[in-house]
Amino acid sequence: LNVVILAAGQGKRMRSDLPKVLHPLAGKPLLGHVLDTARAIGATKICVVYGHGGEQVRTALDAPDVTWALQEPQLGTGHAVLQALPGLANAVSPAPTFTLVLYGDVPLIRAATLQRLIEVAGNDSLALLTAHVDDPHGYGRIVRVDGLVTRIVEEKDADDAEKLIREINTGILVAPTAALARWLPALGNRNAQGEYYLTDIVALAVAEGMPVVTAHPDAAWETEGVNSKVQLAALERVHQRNVAEQLMEAGVTLADPARIDVRGELVCGRDVSIDVNCVFEGRVVLGDGVQVRANCVLENAVVGAGSIVGPFARLRPGTELGRDVHIGNFVEVKNSTIADHSKANHLAYVGDATIGSRVNVGAGTITCNYDGANKFRTVIED
């Protein structure tokens with residue numbers, strides 16, 4: 001399975017110097033989400049087609065399992081996939097390899113949906129991921145004759161009857177790689193945009209007699225793209241609600257599922273409770289019976305069983321709390337280990353320290369063993 005991810009767009013509506021696909025959702029670049037999903041479905045080869053801000057994108061997300069294809073100038077989606085073709089496995093041989101096309105600004109597509117699309121494609125079909133929507137304006141329409149897909153017509157090229165069609169093209173598809181190698185060089189650009197549309201391969205497949213089949217996502221948000229900060233914020237809330245539901249299904253008590261942000265990985269034991277407006281960044285592990293109170297930030301931290309954190313606490317990277325540790329209001333801990341049954345209940349800073357067990361860190365106490373050039377570890381014994 002080849003995966004081609006189209007990520008060459010400029011993203012003018014983002015009104016930012018940062019390339020669109022590097023804007024974060026849940027603390028990870030949009031393109032990073034798509035790459036992780038491609039890996040989750042067992043991609044043999046992943047090729048990212050890049051353009052605007054390309055070197056910045058490559059630097060941020062380059063990896064041994066990713067190849068890069070430059071699209072310059074940008075002449076449409078069909079032209080974009082054509083740039084990836086030389087790097088795909090068995091692109092010009094009859095070997096039964098397949099290519100899945102994804103988009104770097106569509107971050108929430110689920111692996112299960114893509115697996116279903118791949119299964120529908122079988123060994124000899126072009127498979128399209130389509131969706132039925134109430135308002136299809138702006139999307140390419142799926143044109144069927146006697147129930148069979150015959151072509152896709154873009155909004156700007158559609159007539160009045162075609163604009164009434166509510167089955168839309170999401171852009172995600174699976175095709176035999178050898179067929180793409182035949183079709184892509186044959187695409188034309190006689191359309192309202194003057195671009196080489198990837199969607200025109202549908203008519204070429206039909207002309208060859210290749211079956212064109214479809215599958216559908218379970219939820220509309222899976223195929224929603226990001227073209228503006230408004231859309232980015234909307235998908236952030238969708239993602240965070242999904243994470244919150246997964247946590248609650250696993251037994252975590254959330255005071256308000258709408259007021260938690262997980263920007264990384266949150267691992268929880270049994271009987272964990274989390275109050276409102278808490279942010280978890282990087283990898284955070286909460287042991288059994290941990291309570292996180294309101295308005296806390298935890299980043300790359302491990303909290304032992306039965307501990308209490310917050311409210312208004314900040315646990316920075318390198319924090320490890322033992323069992324039954326209390327970190328109270330307006331306490332900050334950074335790169336420190338605090339052993340079992342110790343407490344810092346209010347207005348303290350514990351940085352670069354090793355704190356033993358049953359230690360009481362009083363209000364206003366700080367560990368700041370720094371001479372202006374070098375940091376030294378503070379050790380407070382049991």
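Predicted model: local features only at pLDDT ≥ 70, side-chain atom pairs only at ≥ 80, totals over all residues.

Reply: Helix H7 covers residues 229–249, and its 21 residues reach 30 Å from the first C-alpha to the last, close to the 30 Å expected at 1.5 Å a residue.

Me: Which elements do the buried residues of H7 pack against?

Reply: The buried set in H7 includes Leu232, Leu235, His239, Val243 and Leu247. Glu236 and Gln240 are buried in H7 too. The buried residues of H7 pack against strand S2 (24–25), helix H1 (30–40), strand S12 (253–254) and strand S13 (260–268).

Me: Which glycine follows H7, and what is its phi?

Reply: H7 runs through residues 229–249. After H7 comes glycine 251, with a positive phi near 105°.

Me: Which strands stand at the edges of the seven-stranded open sheet?

Reply: The sheet is open, its pairing is parallel, and its order is S12-S14-S16-S19-S22-S25-S28. Each edge strand has a single partner strand, so one side of it is left without a neighbour in the sheet. Those edge strands are S12 and S28 (360–361).

Me: Which residue in S16 stands opposite isoleucine 274?

Reply: Strand S14 (residues 273–274) and strand S16 (residues 291–292) pair in the parallel sense. Two bridges hold that pairing. Opposite isoleucine 274 stands valine 292.

Me: What stands opposite lysine 343 in S28?

Reply: Take S25 from both sides. S22 (residues 326–329) pairs with S25 (residues 343–346) over three parallel bridges, and there histidine 326 has lysine 343 as its bridge partner. S25 is also joined to S28 by two bridges, again parallel. In S28, the residue opposite lysine 343 is asparagine 360.

Me: Is leucine 148 buried or exposed?

Reply: Leucine 148 belongs to strand S9. Its C-alpha lies 8.7 Å from that of proline 211, 63 residues away in sequence. The cut-off for exposed is over 50% relative accessible area. At 59% relative accessibility, leucine 148 is therefore exposed.

Me: And threonine 378: buried or exposed?

Reply: Threonine 378 lies in strand S30 (residues 378–380). Beyond its neighbours within four places in sequence, threonine 378 is in contact with Asp352, Ala353, Thr354, Thr367 and Asn369. Buried means under 20%. Threonine 378 has 15% relative accessibility, so it counts as buried.

Me: Step back to the whole protein. What percentage of its residues is buried?

Reply: The protein has seven helices and 30 strands. Its C-alpha trace spans about 80 × 45 × 40 Å along the principal axes. Among contacts with a separation of 6 or more, 45% join residues 24 or more positions apart. Of the 382 residues, the buried share is 47%.

Notes: Residues numbered from 1 in each chain as written. Heavy atoms only, no water. Helix = DSSP H or I, 4+ residues; strand = E, 2+ residues; numbered from the N terminus. Buried < 20%, exposed > 50% of the residue type's maximum accessible area, 1.4 Å probe, protein only. Contact = heavy atoms within 4.5 Å. Expected span 1.5 Å × (residues − 1). Pairing = 2+ DSSP bridges.
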